Amino acid sequence: MADLLLFAGTPPVAGINDTLGQWAENFIGIFRQGGETFVGLVTGIIPLLIVLLTAVHALIKLIGPERIDRVGEMAGRPGLQYYPIRYLVLPVLAVFFLTNPMAYTMGRFLPERDKPAFYDSAVSFVHPPLGLFPHVNPGELFVYAGIAAGITQLKLPLGDLAVRYFYVGLIVIFMRGIVTETISRIMFARRAREAEEPTEPEVSTTPTDRPAPEGA
């Protein structure tokens, strides 16, 4: 109100009306900006996602789902030589072909002890490939878009960012898979030991078990 009274010859009511009108215009401007963003998505990323999803489904039909399933069966075999397949190849194929969240169903081919580690690897890879393959997780594309906006303002190439983001993701999911598998094996072993430990039966004291009083 103090600012409104600084304008000489202007009634306070007129100043309030101007302020309310400015607030209303700014409020509508929020939705106008949202509409412009939506139009940009409709003409930009949405057609790209539709084409990518169509191409991926066609590629799955050409390759055959049973061949992808064989990779999952191979990843479940014991041995250090299968670590890259279990925590690198399988998560990448699952996220690329099945996308989020169906990618996690590939863990059905793994033994129970390896499922937590596979899930950790797969769930950690739904963001790194967004710069190259936005179809894998379109619902969270805004995460990569926010980073890309800053890179664009710095006049830096987005392709280099997308490739680096992808490479870092590969390293991270492989490390997380191995660490989570180690933790899972420790937890499973501890649970097995607790299940094998015999529990002492509770001794109930009945009137016949109590010692007779002296002099009885």
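Contact here means heavy atoms within 4.5 Å. The model is a predicted one, so to speak of local features takes pLDDT of at least 70 and side-chain atom pairs count only at pLDDT 80 or more, while totals for chains, interfaces and linings use all residues. Residues are numbered from 1 along each chain as its sequence is written, and side-chain values use heavy atoms, with hydrogens and water left out.

Start with aspartate 120, which sits in helix α5, residues 115–123 (helices are DSSP runs of H or I with at least four residues, numbered from the N terminus). Its relative accessibility is 13%, so aspartate 120 counts as buried (under 20% relative accessible area, with a 1.4 Å probe and protein chains only). Setting aside neighbours within four places in sequence, aspartate 120 has Arg176 and Thr180 as its contacts.

Helix α5 also packs against α4. The two axes come within 9 Å and cross at roughly 55 degrees (axes are lines fitted to C-alpha atoms over the stretch in contact, and angles run from 0 to 180 degrees between N-to-C directions). That angle makes α4 oblique to α5, oblique being whatever is left once under 35 degrees is called roughly parallel, over 145 roughly antiparallel and 65 to 115 roughly perpendicular. The crossing of α4 and α5 is right-handed, that is, the near helix is turned clockwise from the far one by less than a right angle. On the α4 side the contact uses Arg86, Tyr87, Leu90, Pro91, Ala94 and Val95, and on the α5 side Ala117, Phe118, Ser121 and Ala122. Sorted by class, that gives 8 nonpolar, 1 polar and 1 charged residues (Ala, Val, Leu, Ile, Met, Phe, Trp, Tyr, Cys and Pro are nonpolar, Asp, Glu, Lys and Arg charged, the others, Gly among them, polar). Beyond four places in sequence, phenylalanine 118 touches a list of residues including Arg86, Leu90, Met106 and Leu110.

Phe118 turns up again in the largest nonpolar core, which has 25 residues; Leu90, Val95, Met106, Phe118 and Tyr144 have the most contacts inside it. Such a core is a set of buried Ala, Val, Leu, Ile, Met, Phe, Trp, Tyr and Cys residues joined through side-chain atoms within 4.5 Å. Two or more residues each come from α3 (65–75), α4 (83–98), α5, α6 and α7, and α4 gives the most, with 5 residues.

As for α6 (residues 141–153) and α7 (residues 158–196), their axes come within 10 Å and cross at roughly 140 degrees. These helices are therefore oblique too, and α6 and α7 make a right-handed crossing.

Terms used
Buried means under 20% relative accessible area, exposed over 50%, partly exposed in between (1.4 Å probe, protein chains only).
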